[in-house]
Amino acid sequence: MKRILRRSTLIFAVTIAFIGGMGYLSFQLITNADDWVDQPYNAHISGSGGLEQAGAVFDRNGDVLAQTVDGRRVYNEDTSVRKSLLHVVGDNSLNISTAVQSMYRSQLTGYNLVWGLNMPQTLRKSNDIKLTVDAKTCAAAYDVLSSYDKKGACVVYNYRTGDVICSVSTQAYDPEAPPEITEENESEYDGVYLDNVLSSSYTPGSVFKIVTAAAAIENIPDIFERTWNCSGSEEIGGSDVTCVDVHGTINFEQAMAYSCNVVFAELAVELGSEKMTETAEKIGINLTYDVDGVATSKGHYDVSKANTNQLAWSGVGQYNDQVNPMQMAIICGAIANGGTSTSPHIVNDGASEVLSAIGIKSGFGSREMFSADTAEKLDQIMRYTITDYYGNDLFGGLTVCAKTGTGEVGKDKEPNAWMVGYSKDEDCPLAFACVVEDSGFGFTYAGPVVEAAMIQAAKSLNSSAVQ
Amino acid sequence: MFDLSVIFDIGVVALRIIMPVYAIVIVYQCYAAMRRRRRPEKPLVTLYNMQTGLKLPVLFWENSIGRSKGSDILIDDPAVSRNHCVLLRRKEGWFVNDTGSKSGTYVNGRKTNGRTRVLINDTITVGNSSFEFRRGEEYDEKIRASWFFSRVSSKPAIKSWKLMLLITIFHFFMCVEAMFWNDGTNAESPLVMFGALAAVEWGFFFVSTIILRRVNFELESLALFLTGIGVIILVRQAERSAYVQLIAASVGMAVFCVLIKLIEDPDKVIKLRIPMMIAAVGLLLLSIVFGRVTNGAANWIYIGSISVQPSELVKIIYIFIGASALDKLQTNKNLIEFIIFSAICVGLLAVMGDFGTALIFFMTFLLIAFMRSGDFKTIILAVAAAVFGVTFVLKFKPYVADRFSAWGHVWEHTQDNGGYQQARVLTYIASGGLFGVGIGNGFLKQVAASESDLVFGLVSEEMGVIVAITLAIAVGALVIYARAITTRSRSTFYSISACCAAGLLVTQLSLNVFGATAILPLTGVTFPFISSGGSSIISCWGLIAFIKAADERTYAVKR
């Protein structure tokens with residue numbers, strides 16, 4: 001009997017395993033409950049029913065973007081504002097999974113772990129959410145972007161605080177009247193639930209020259225003394241690399257300003273795949289960024305299988321290069337910041353405000369993308385691009401540095417029009433990125449969107465440059 | 001402004017908050033009562049060493065006497081064999097049984113042959129030592145009790161009928177919640193259900209205490225508490241199933257009583273072994289031949305409109321055979337027969353595709369094999385064989401491998417079979433919060449198998465995660481109770497069967513809870529007592545019969 005009793009202690013192994021599992025489950029529940037709740041299939045919160053008692057969503061100025069009135073969800077009274085912020089705010093459904101009303105539905109509806117979603121409606125306390133976006137800026141950008149009737153994205157964010165001022169994605173629809181998507185009109189609304197700012201990647205074209213330029217500045221000491229001769233095209237690695245123009249004899253700054261493919265293709269080959277990859281990795285082209293819990297679509301730079309010609313094209317943002325709009329804005333913000341990036345956020349949790357008020361820069365998630373010296377030199381040539389090539393009066397009185405791009409996507413599509421950059425004004429420290437799919441020259445299409453967004457953003461921030 | 005609906009809502013919320021506290025109180029009271037009402041820690045009899053004058057306490061119903069360290073009564077005498085003889089108590093009295101010693105065992109100077117009766121003041125001689133057989137009261141030193149029973153406060157345990165009343169009121173509150181569900185239709189039907197449930201509960205209570213004159217009712221109370229929750233949670237999901245479940249539970253209670261009667265005499269148990277084995281294999285073969293395939297597992301057979309899952313009933317037989325194979329105490333270390341039987345059972349279950357149950361059998365096999373042999377080598381060998389078997393299974397049953405492939409990645413598989421159920425369980429557990437959304441207001445009930453495989457999620461969503469965890473702990477703590485009462489078991493058969501039955505239930509519980517919550521792959525086993533399923537609940541009641549039988553008070557009829 002004694003033996004049996006001693007041996008029977010083995011069954012406590014089962015008990016210990018059980019207790020361990022219960023502990024693990026509880027831990028998981030406590031740490032992840034709100035993620036578990038925010039699922040599109042969760043019948044407690046999905047459908048318009050879930051928002052019957054939900055809190056309001058405000059923009060940075062306290063303007064209502066969405067609120068519940070008498071059990072009905074209503075959105076901002078301005079159509080442009082509604083459509084421009086569709087992908088940020090979301091609609092009644094959970095179709096736009098990255099939108100605030102999907103991601104934060106549990107908070108809006110008053111979820112917490114203790115009460116779950118079990119409180120009767122009369123007793124439930126809902127929470128409001130304040131966003132960092134400016135409704136007017138978004139509407140201004142949307143009006144221009146939507147006029148092309150193309151898919152695209154425009155993002156503007158404060159590279160000092162991380163506040164996203166404007167985030168617009170087209171194609172959009174009115175959240176007050178969401179379209180019924182059936183099998184017939186499916187193709188018409190292809191990708192409409194996708195927030196292109198966060199969830200799409202595009203061929204960058206010449207905006208990728210920022211990366212190539214950074215690699216050249218860091219690795220070629222006499223880069224600013226050199227000159228090149230551009231005859232409109234040049235054979236590199238057996239095929240031609242073509243330019244949009246015959247640029248003649250130009251230096252590095254001019255090459256950037258005129259966006260000379262020949263120069264940057266040659267530079268990419270001269271630097272070699274290793275140095276190019278090293279710089280691209282440092283800048284984080286292949287990384288994803290976290291914006292309030294949404295992982296941005298990854299960029300892509302991989303020349304491990306490229307031949308010389310393909311390496312050359314990769315230096316001008318073609319080959320298989322891909323970048324995400326938010327990512328480009330972050331990179332531009334890093335240049336403006338002296339090389340270090342600032343993580344963007346769209347939900348105003350108050351924490352960063354408090355931190356900056358007491359003099360601490362919220363450095364969470366920031367990384368060094370460029371050395372201070374490289375950032376300064378990039379700043380110089382990107383500024384030159386505006387002053388020398390596009391003219392300084394574009395952005396009201398703002399001191400803007402930028403780069404345009406025209407990403408050829410081949411097939412039967414027109415190129416992606418890009419414009420990325422930032423303003424240097426102390427009272428308006430904004431980085432931007434804009435892309436218009438299937439359109440044409442970068443400056444022609446992306447330029448007006450950025451211009452509208454930046455001028456309105458500067459006004460909203462009360463910048464002295466646009467008074 | 002005075003809004004009546006607010007007051008009403010406050011009442012509903014207050015009830016939901018009370019329920020978890022109430023559930024904890026009931027489970028606590030059940031276990032607290034199990035710890036009490038035990039005879040004082042005194043030896044059953046005393047052996048008085050006539051040479052040295054030392055008194056040896058005889059603590060168990062079956063005691064090995066010998067020179068080896070593991071002996072219950074250790075005699076330091078070179079003439080005594082390592083395992084000399086066995087001193088055992090049966091209904092008729094005390095016996096001594098020589099277990100192949102060199103020098104033999106003598107009672108009153110006469111050499112024994114086979115089981116020999118020993119009376120008070122007889123002399124038992126082993127080797128060069130002689131002992132006088134005396135009453136237990138003559139031992140005057142204190143004996144340490146198992147911690148489960150020690151330091152019990154002097155406060156008397158809650159009366160059985162009061163405990164039952166507490167449980168019935170809990171079930172009534174559940175019905176009230178179900179009456180005021182959001183849907184609003186069919187408001188009175190839970191009351192009818194409650195009436196039926198209460199009748200079964202109290203009927204069983206009277207049968208047990210008045211007709212069978214059992215002294216204690218705590219284990220049954222706990223099982224009734226869980227069973228009732230399982231029944232009522234079904235009211236708002238599939239009302240007909242709730243009644244089926246209640247009827248099956250009544251059958252289970254009958255099985256419980258019959259089984260206790262059947263294993264009353266530990267000596268007769270052995271004779272039932274072979275017919276039981278044949279029955280087990282027969283049942284499993286039956287479901288292979290006539291089984292209908294559901295989710296890739298052919299573990300259901302249909303007789304008319306009644307569906308039975310024979311593998312559930314085989315669990316009872318398995319414990320029975322595992323614990324009964326000893327022909328003489330401690331003398332049979334031969335596990336071959338049992339290993340072959342286990343291999344056949346697990347093999348047949350694997351053929352059926354019921355891998356969850358196969359795993360439960362395997363874990364139970366490990367427990368039984370270890371308790372019987374004390375040999376780690378056997379365990380390691382068995383585990384090695386199992387790993388080999390699993391590799392084999394994964395190669396030839398691709399749907400099992402699919403379950404493993406989604407394991408740990410349920411959030412990437414919320415819309416396919418890989419993680420559909422588990423993701424919903426987690427979402428709705430979180431949605432329920434600590435206190436639940438109220439009975440009938442959950443959405444997990446729309447997911448397939450929510451009332452059986454995913455019932456932990458269903459209870460969490462509707463009654464709150466506190467209640468769900470309390471219920472899991474209530475089942476889990478059966479191991480501690482089973483282990484603690486085995487010190488007083490009337491035979492090693494009861495010790496082994498009780499511990500292993502409890503071990504089986506906890507293994508099953510773990511697979512259910514952790515499978516549903518994506519910590520383990522979902523294997524489709526039931527939550528003991530709560531999951532809907534007739535065969536399952538009958539098997540659970542059958543299994544706790546072993547635990548009940550291990551308590552020496554069970555067969556001591558109230559005078």
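What percentage of the 559 residues of chain B count as buried? I began my notebook with this, keeping in mind that the model is predicted, and I noted that 52% of them count as buried.

**Chain B as a whole**

I looked up the secondary structure of chain B next, and it comes to 18 helices and 14 strands. Along the principal axes, I found that its C-alpha atoms fill a box of roughly 90 × 60 × 40 Å. I then turned to the radius of gyration, which is 26 Å for chain B and agrees with a compact globule, because one with 559 residues would have a value near 24 Å. Among the contacts in chain B with a separation of 6 or more, I noted that 66% are between residues 24 or more positions apart.

**The nonpolar cores**

I looked into the largest nonpolar core, which has 181 residues, and wrote down that I232(B), A501(B) and A502(B) touch the most other members. Helix α17 of chain B, residues 492-516, gives this core its largest share, namely 16 residues. Leaving out residues up to four places away in sequence, I saw that A502(B) touches I11(A) as well as L478(B), V479(B), A482(B) and I547(B). Apart from this core I recorded another, of 132 residues, with V168(A), A265(A), M276(A) and I283(A) among them.

**Where the chains meet**

Which residues bring the two chains into contact was my last topic, and I found 53 residues of chain B in contact with 36 residues of chain A. On the side of chain B that touches chain A, α17(B) gives the most, with eleven residues. I sorted the residues of that side into 26 nonpolar, 21 polar and six charged.

How values were computed
Residues numbered from 1 in each chain as written. Chains lettered and ligands numbered in written order. Predicted model: local features only at pLDDT ≥ 70, side-chain atom pairs only at ≥ 80, totals over all residues. Core = buried A, V, L, I, M, F, W, Y, C linked by C-beta atoms within 7 Å. Buried ≥ 20, exposed ≤ 12 C-beta atoms within 10 Å, placed from the backbone. Helix = DSSP H or I, 4+ residues; strand = E, 2+ residues; numbered from the N terminus. Contact = placed C-beta atoms within 7 Å. Nonpolar A, V, L, I, M, F, W, Y, C, P; charged D, E, K, R; others polar. Rg over C-alpha atoms; globule rule 2.2 N^0.38 Å.
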